[in-house]
Amino acid sequence: MLETIKKASREPEIRERFWFTMLMLLVYRFGNNIPLPFIDQEALKSAYSSVEGTLVDYLNMLTGGGLSTLSIFALGVQPYITSSIVMQLLTVVIPRLEELTREGEQGRKQIQKYTRYVTIVLAIFQAIAVTNGLYGAALSNATTFQKIAMNVILIGGTMFVTWMGETITEKGLGNGTSLLIFMGIIASFPKTLSRWTSQVHYGLVGYLPIIIMAILVILIVIAVVLISEGERRIPIQYAKRVVGRKMYGGQSTHIPVKVNMGGVMPIVFASAVLAIPSTISLFFGNGGQSGITNFFQNTTGGFILYLIIQSALILIFAYFYNQIQFNTVEYAKQLQQNGGFIPGIRPGKPTSEYLAKVATRITFIGSIALALLTIIPAIASKLLGLRLSFGGSSVIIVVGVIIETIKQLEAMMTMKQYKGFLNR
């Protein structure tokens with residue numbers, strides 16, 4: 001990894017992409033520290049302290065702390081992620097949207113436009129929930145004009161953050177939306193370490209639970225790397241054919257089927273879906289939030305149910321991404337057209353069925369591993385008495401984003417080498 005970064009830093013184009021990405025992330029962090037106008041900071045702190053330690057904390061982490069300070073980027077990319085989930089699910093059930101996915105770049109742009117429209121609707125919903133629900137009591141003295149101005153700024157901030165994510169993906173390094181979430185999670189780490197230090201200082205927690213949790217996080221990092229790099233290689237043999245006086249084909253290759261095809265996206269999407277109940281509860285202020293908290297966090301049955309739902313969502317989205325990224329029918333068709341076949345498997349439909357069978361088994365293993373890596377830290381934090389502003393899902397997202405970004409750098413370096421070869 002370090003060697004890849006070192007080589008990439010020598011390329012002017014990659015350096016420009018790197019500094020552009022850093023600039024966008026810096027703007028994002030700067031915006032998270034600009035509070036909305038017309039608010040009383042003391043009343044705001046008091047309102048947030050009543051829900052601190054609840055499921056709202058997870059929403060706050062994804063926004064980089066913007067929700068607790070009610071910054072101009074308080075909603076973060078959460079509406080955009082939820083919108084992306086809705087659009088990807090609709091492409092499965094609406095034939096017209098499915099056709100757009102097959103139309104290449106033009107179709108992708110059209111779907112992206114629809115995604116932005118849905119993002120605006122969700123941002124309006126969440127902005128009203130925050131200003132009138134979660135912080136309704138703290139903003140009770142604000143005039144109607146001031147509340148409208150706050151909502152407009154929150155919605156505008158979300159759309160600006162969405163634009164930053166898309167622009168980073170296009171002109172920077174890595175997936176822009178994932179990097180913005182990555183920054184939000186990283187920003188919560190110092191707060192968690194500070195809380196643990198205070199707990200140790202006042203004798204509330206010993207050193208042993210913190211050491212155990214640190215070792216657990218390191219093991220999760222190692223496991224995530226192994227899962228991300230793991231793959232099943234399906235052997236492919238190309239038949240020999242004579243064209244004129246030359247013989248073509250005959251070589252052997254393989255199809256790499258990744259254990260975790262969706263990368264961090266199943267975790268991101270599952271987190272977004274789990275955040276929906278908390279978002280709805282914001283409409284009801286502290287009362288609604290405390291009801292959800294008492295069930296999911298303060299009762300054993302609710303906590304177990306939460307982990308089961310989270311694991312189920314990870315499995316569902318892992319299989320969903322498997323269907324999107326690995327089209328077995330198309331793979332089988334291309335192999336047959338190019339004279340390729342899997343040894344022992346007939347070309348055509350049997351090949352497609354075999355690939356689907358292998359992909360299903362591999363995805364099951366990968367999704368189960370992701371689910372376990374997500375819920376184990378949550379269980380450990382309960383048993384050890386350590387409150388986490390981040391969980392196993394956050395660690396997976398952080399490690400996954402780093403791995404994906406490094407892979408993109410490697411791909412860029414490979415393309416540079418090919419360009420240099422072709423230009424000679």
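Which residue stands opposite Gln 237 in strand 5? I looked it up and found Phe 341.

I noted the ground rules next. This is a predicted model, where local features need pLDDT of at least 70, side-chain atom pairs count only at pLDDT 80 or more, and totals for chains, interfaces and linings use all residues. Residues are numbered from 1 along each chain as its sequence is written, and side-chain values use heavy atoms, with hydrogens and water left out.

Strands came first. I take strands as DSSP runs of E, at least two residues, and helices as runs of H or I, at least four, numbered from the N terminus. Two strands pair if DSSP finds at least two bridges between them. Strand 1 (residues 231-238) pairs with strand 4 (residues 252-258) in the antiparallel sense, over 7 bridges. There, Pro 235 stands opposite His 254. Strand 1 also pairs antiparallel with strand 5 (residues 340-341), over 2 bridges.

Then I checked the record. An unreviewed UniProt entry lists residues 202-227 and 303-321 among its "transmembrane region" segments; such annotations may be inferred rather than shown by experiment. In the model, residues 303-321 are 100% helix, with end C-alpha atoms 27 Å apart. Residues 202-227 are 81% helix and 0% strand, with ends 39 Å apart by C-alpha.

Last, contacts (heavy atoms within 4.5 Å). I listed the residues that Phe 269 touches, not counting those up to four places away in sequence: Ile 81, Ser 84, Ile 85, Gln 88, Phe 317 and Tyr 321.
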